[in-house]
Amino acid sequence: MLELRGISKTFNPGTITEKRALSDLSLHLNPGDFVTVIGGNGAGKSTMLNAVAGVFNVDAGSILIDGVNVTRLPEHKRAAMLGRVFQDPMIGTAATMNIEENLALAYRRGQRRTLRWGIKPKEREEYRDLLAMLGLGLEDRMTSKVGLLSGGQRQALTLLMATLKQPKLLLLDEHTAALDPKTAANVLGLTQKIIAENHLTALMITHNMKDALQYGNRTIMMHEGTVILDIDAETKKSIGIEDLLAMFEKASGKELANDRMLLG
């Protein structure tokens, strides 16, 4: 479903601020893979997601989504293939529009705009059923402005919007990092449920090593712009955080100096 073939990216080449963010990175995701991504600060996690999304062009290598080479496609042309949820709950929704209007925008993504964009009763009932699945009572607040929702409610809505059209690939960029622990756990549970029920393929960046091992069927660890560990489902079941740290140190030759991950 996703194939990265030797992609590299250097920002500000030839300047004092030159930064090699991705280095000959290769990764393959099969349909239905739910891969958690961990690594220290500057490891290239978000840069990899941005490269997949088409935020910038890579310097070398190729990116394939569902067999289609999208390496040189601009971001807006990849959007129909992708769903994305960011760390900031304020991104991904329109605060001044109500819940059902936001869902309607997500449902019509990629369609031509016409004068017949009214929300039909049947469509409204579908939205109500989807919102009820979240268990947050939003199905009874469909005309409420999204800007009035809590961070957790808004992130859950963003997740629903990102998966409404069942994208080829779902990108989750630390989407629970700005939430309190209880709310984060609820959103992660919803994430796992939506991915499983819709048989989605997903990449989820997290700084929490416990979450990285608990969720998904694979965990990859990045270091200096490339993948140094790729841990399958069976191995994930039998290891803990200390084991993961030891595996990282063996693969990278360095200790993992990242308090957010160690305390997560």
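At what angle do the axes of helix 5 (residues 151-163) and helix 6 (residues 181-198) cross? They cross at roughly 15 degrees and come within 10 Å. That makes helix 5 roughly parallel to helix 6, because angles under 35 degrees count as such. The model is predicted.

**Helix 5 with helix 6**
- The crossing of helix 5 past helix 6 is right-handed.
- Helix 5 contributes Gly152, Gln155, Ala156, Leu159 and Thr163 to the contact.
- By class, the contact of helix 5 with helix 6 holds 5 nonpolar residues, 5 polar residues and no charged ones.

**Helix 3 with helix 4**
- Helix 3 packs against helix 4 at an angle of about 105 degrees. Their axes are 11 Å apart.
- Helix 3 is therefore roughly perpendicular to helix 4, since the range for that term is 65 to 115 degrees.
- From helix 3, the contact uses Ile99, Glu100, Leu103, Ala104 and Tyr107.
- From helix 4, the contact uses Glu123, Arg124, Tyr127 and Leu131.
- The contact of helix 3 with helix 4 has 6 nonpolar, no polar and 3 charged residues.

**Aromatic pairs**
- How many aromatic pairs does a search of the whole structure find? The search finds 2.
- Phe11 and Phe56 form an edge-to-face pair, because their ring planes stand at 85 degrees and the cut-off is over 60. Their ring centres are 5.3 Å apart.
- Phe11 sits in strand 1 (residues 2-11). Phe56 sits in the loop between helix 1 (45-53) and strand 4 (60-65).
- The Phe11 and Phe56 pair links distant parts of the chain, 45 residues apart.
- Tyr107 and Tyr127 also form an edge-to-face pair, with 6.4 Å from centre to centre and 70 degrees between the planes.
- Tyr107 lies in helix 3 (residues 99-107) and Tyr127 in helix 4 (residues 121-134), so this pair ties together parts that are 20 residues apart in sequence.

- Is Phe56 buried or exposed? Phe56 is buried, because its relative accessible area of 15% falls under 20%.
- Tyr127 is buried, with a relative accessible area of 1%.
- Tyr107 counts as partly exposed, at 33% relative accessibility.

Definitions and conventions
Residues numbered from 1 in each chain as written. Predicted model: local features only at pLDDT ≥ 70, side-chain atom pairs only at ≥ 80, totals over all residues. Heavy atoms only, no water. Axes fitted to C-alpha atoms, helices over the stretch in contact; angles between N-to-C directions. Helix = DSSP H or I, 4+ residues; strand = E, 2+ residues; numbered from the N terminus. Parallel < 35°, antiparallel > 145°, perpendicular 65-115°, else oblique. Left-handed = near helix turned anticlockwise from the far one by under 90°. Contact = heavy atoms within 4.5 Å. Nonpolar A, V, L, I, M, F, W, Y, C, P; charged D, E, K, R; others polar. Phe/Tyr/Trp six-rings, centres within 6.5 Å; stacked < 30°, edge-to-face > 60°. Buried < 20%, exposed > 50% of the residue type's maximum accessible area, 1.4 Å probe, protein only.
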